[in-house]
Amino acid sequence: MSAQSHLASLPARCPIDHARDDRKSASAARGGLLKAPVVSGYEAVRAVLRDTNGRQAGFKAEVIGKYRGQARPPILFLHGEAHRRQRSGTARFFTPRVVETRYRELMERTSDALIARLVKDGSGDLDRLSLEMAVAVAAEIVGLTESDIDGMSRRLDSFFSTAFQTGRGKFAEIMSFLLGQWRMRRFYAKDVKPAIAARRAAPREDVISHLLSEGYSPLDILTECFTYGTAGMVTTREFITMAGWHLLERPELRAQFLAADADGQIAILEEILRLEPVVGTLYRHVEGGTVALDIRAANGDAAAVGTCPHALDPERARAPRVTGPGLAFGDGEHRCPGAGVALHESAVFLDRLLRVPGLRLERAPDVGWNPLIAGYELRNCRLAIDPA
């Protein structure tokens with residue numbers, strides 16, 4: 001049965017306003033750094049992502065991979081057998097069982113500490129709390145545990161956040177490049193190098209230990225840490241902030257989230273992510289050149305996700321084989337391996353946060369656009385707690 005015929009047999013939803021648009025990042029959305037023909041339909045985008053002859057393009061890792069002395073491309077740019085081998089070697093760190101048994105306690109402990117600080121202070125920025133949450137979890141999985149989490153959060157934030165940076169022209173570009181070099185060296189010296197040394201002495205169950213066992217050099221490991229830093233820390237930070245913004249502005253959705261079981265909470269988060277994919281454009285080298293895959297448009301394709309595709313509706317009827325988040329985690333061999341981790345930690349943190357008595361959104365975040373990941377950035381999302 002085709003997507004169109006399947007949806008035609010389902011009752012129409014969104015009866016109030018068929019032009020309803022709940023997206024908060026749409027006004028800021030733009031393309032990335034690469035100029036390429038655009039593919040936007042859900043089925044067409046998914047087909048390109050699943051094309052085994054296609055090659056990854058775009059992302060910060062493409063820039064990082066140009067550093068001199070680079071012996072191995074990051075996992076983001078591997079393909080075929082090399083990618084399958086590396087992916088299978090790290091898959092054990094992202095399985096649902098491992099997330100539940102090894103990382104859930106960390107997620108809960110970190111959430112409790114961050115929220116206790118928020119309650120004590122009486123106010124705080126959701127985007128800052130989200131960053132610390134995302135860094136703490138990803139650092140444990142990757143193996144970046146020999147340095148201060150708060151300091152590493154600041155170092156990664158300064159490197160990856162670009163939407164609110166100022167300065168234009170050649171001089172600004174040169175200064176930005178030099179500053180980026182300095183920040184990368186600082187991240188290596190303070191975070192990556194100590195982690196490598198500790199795992200050479202005593203390997204653990206994490207990504208850095210695995211890379212060392214595969215003969216990766218310190219520069220190779222630094223590149224992978226930046227790749228995981230983008231995928232596991234930066235994007236999760238933005239999503240937690242976006243999901244919290246939606247839930248805080250809609251009391252009925254907040255109540256639905258808090259009343260739901262674990263699967264119900266994940267379903268709500270997946271629908272928010274479908275509507276607001278953090279990475280809005282993916283790029284692939286295919287036969288005939290490079291194409292830009294418009295994830296935002298694909299996730300709003302009514303043929304795949306049903307009527308009123310821009311309305312936030314966790315109970316929407318989708319076409320067969322269309323998952324809750326759509327293509328927000330990608331598809332094919334490069335589908336995000338940490339999808340389950342990101343959703344799980346978001347649910348744990350937001351469930352605890354939204355139960356704080358008197359919690360309210362004092363200031364909606366500034367919405368910017370980061371061209372390096374073709375995604376939104378949310379900053380200065382101010383939370384306040386009213387006294388009882």
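Throughout these legends, a residue is called buried if its relative accessible area is under 20%, exposed if that area is over 50%, and partly exposed in between, with a 1.4 Å probe and only protein chains considered. The model is predicted, so local features need a pLDDT of at least 70 and side-chain atom pairs count only at pLDDT 80 or more, whereas totals for chains, interfaces and linings use all residues. Residues are numbered from 1 along each chain as its sequence is written, and side-chain values use heavy atoms, with hydrogens and water left out.

Figure 1. The protein chain contains 15 helices and nine strands; helices (H or I, at least four residues) and strands (E, at least two) are DSSP runs, numbered from the N terminus. Of the 388 residues in the protein chain, 53% are buried. Among the contacts in the protein chain with a separation of 6 or more, 77% are made by residues 24 or more positions apart, where contact means heavy atoms within 4.5 Å.

**Figure 2. The loop between strand 8 and strand 9.** Asn 380 sits in the loop that links strand 8 (375-379) to strand 9 (382-385). Although Asn 380 is not a glycine, its phi is positive, at about 60°. Because its relative accessibility is 36%, Asn 380 counts as partly exposed.

Figure 3. Strand 7 (residues 366-370) pairs with strand 8 in the antiparallel sense over five bridges; two strands are said to pair if DSSP finds at least two bridges between them. Val 367 has Leu 378 of strand 8 as its bridge partner. Four residues lie between the strands of this hairpin, in which Ala 374 takes a positive phi near 50°.

Figure 4. Strand 3 and strand 9 run antiparallel and are joined by three bridges, with Asp 125 standing opposite Arg 382 in strand 9.

Figure 5. Strand 4 (residues 281-286) and strand 5 (residues 289-294) run antiparallel and are joined by six bridges; Val 286 stands opposite Gly 289 in strand 5.

Figure 6. Helix 12 (residues 262-275) has 14 residues and reaches 20 Å from its first C-alpha to its last, close to the 20 Å expected at 1.5 Å a residue; the expected span is 1.5 Å times one less than the number of residues. Its buried residues include Gln 265, Ile 268 and Leu 269. At the start of helix 12, a side-chain oxygen of Asp 261 comes to within 3.3 Å of the backbone nitrogen of Asp 263.

Figure 7. His 344 belongs to helix 15 (residues 339-353). The side chains of His 344 and Arg 104 are joined by a polar contact of 3.0 Å; a polar contact is a pair of N or O atoms within 3.5 Å, and within protein one must be able to donate a hydrogen and the other to accept it, while residues adjacent in sequence count only if both atoms are side-chain atoms. Leaving aside neighbours within four places in sequence, the residues in contact with His 344 include Val 99, Met 107 and Ile 266.

**Figure 8. Met 233 in helix 10.** Met 233 lies in helix 10 (residues 218-249) and is buried, with a relative accessible area of 1%. The C-alpha atoms of Met 233 and Ala 342 are separated by 9.0 Å, although these residues are 109 residues apart along the chain.
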